[in-house]
Amino acid sequence: MSYQRLAYDDVSAPSEMAVDARAVEAALRLPTRRTTGERMIRATVSTPPSILFEDYPRELKKPEVEVSEAAARLGAALHLHLD
């Protein structure tokens, strides 16, 4: 009979794993997660995002890319034909 070891502890109860997770959160000083009910309450109380055109910028400036002289020389030396 061959015994195959599982990669995780499959026999732990969900309540035991939840307690372990809370202990890890406390040990690592992680912010506590909100329950689904708390998130739903926050979502219903908060104001919805606007759908008005005036509330968004009409023209976004594109980022500028600077090419150094050395990079331009390297690019020219590659002789790539992208036609």
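**View 1. A salt bridge links E69 and R73.** We start with a pair of side chains: the closest N and O atoms of E69 and R73 are 3.3 Å apart. As throughout these views, the model is a predicted one. Both partners belong to helix α3, where they sit four residues apart, or about one turn of the helix. Are E69 and R73 buried or exposed? Both of them are exposed.

**View 2. Helix α3 lies largely in the open.** Helix α3 covers residues 69–77. Why is α3 described as lying largely in the open? Of its nine residues, the number buried is zero, so the helix has that open setting. Among the elements of the protein, α3 also has the highest mean pLDDT, at 90. After α3 comes H79, a residue with a positive phi, near 55°.

**View 3. E64 and K61 form a salt bridge.** Here the side chains of K61 and E64 meet, with 4.0 Å from N to O. Both K61 and E64 are exposed. How many salt bridges does the count come to? The count comes to two.

**View 4. Helix α1 spans residues 14–27.** This helix has 14 residues, and the distance from its first C-alpha to its last is 20 Å. That reach is close to the 20 Å expected at 1.5 Å a residue. Following α1 is R29, whose phi is positive, near 55°.

**View 5. V24, L28 and L30 make a nonpolar surface patch.** What area does this patch have? It comes to about 280 Å². One of its members, V24, lies in helix α1. V24 counts as partly exposed because its relative accessible area is 44%, which falls between the 20% limit for buried and the 50% limit for exposed.

**View 6. The whole protein has three helices and zero strands.** Read along the sequence, the elements follow the pattern α-α-α. Helix α2, residues 36–45, has the lowest mean pLDDT among the elements, at 79. Across the protein, pLDDT averages 79, and 80% of the residues score at least 70. How much of the protein counts as buried? Of the 83 residues, 2% do. The accessible surface comes to about 9100 Å², and carbon and sulfur atoms account for 60% of that area.

Methods. Residues are numbered from 1 along each chain as its sequence is written. Side-chain values use heavy atoms; hydrogens and water are left out. Helices (H or I, at least four residues) and strands (E, at least two) are DSSP runs, numbered from the N terminus. Buried means under 20% relative accessible area, exposed over 50%, partly exposed in between (1.4 Å probe, protein chains only). Accessible areas come from the Shrake-Rupley method with a 1.4 Å probe; for residues, only the protein chains shown count as cover. pLDDT is the predictor's confidence in each residue, from 0 to 100. Patches are made of residues with over 30% relative accessible area and no salt bridge: like charges are joined within 9 Å, nonpolar side chains (Val, Leu, Ile, Met, Phe, Trp, Tyr) within 5 Å. The expected span of a helix is 1.5 Å times one less than its number of residues.
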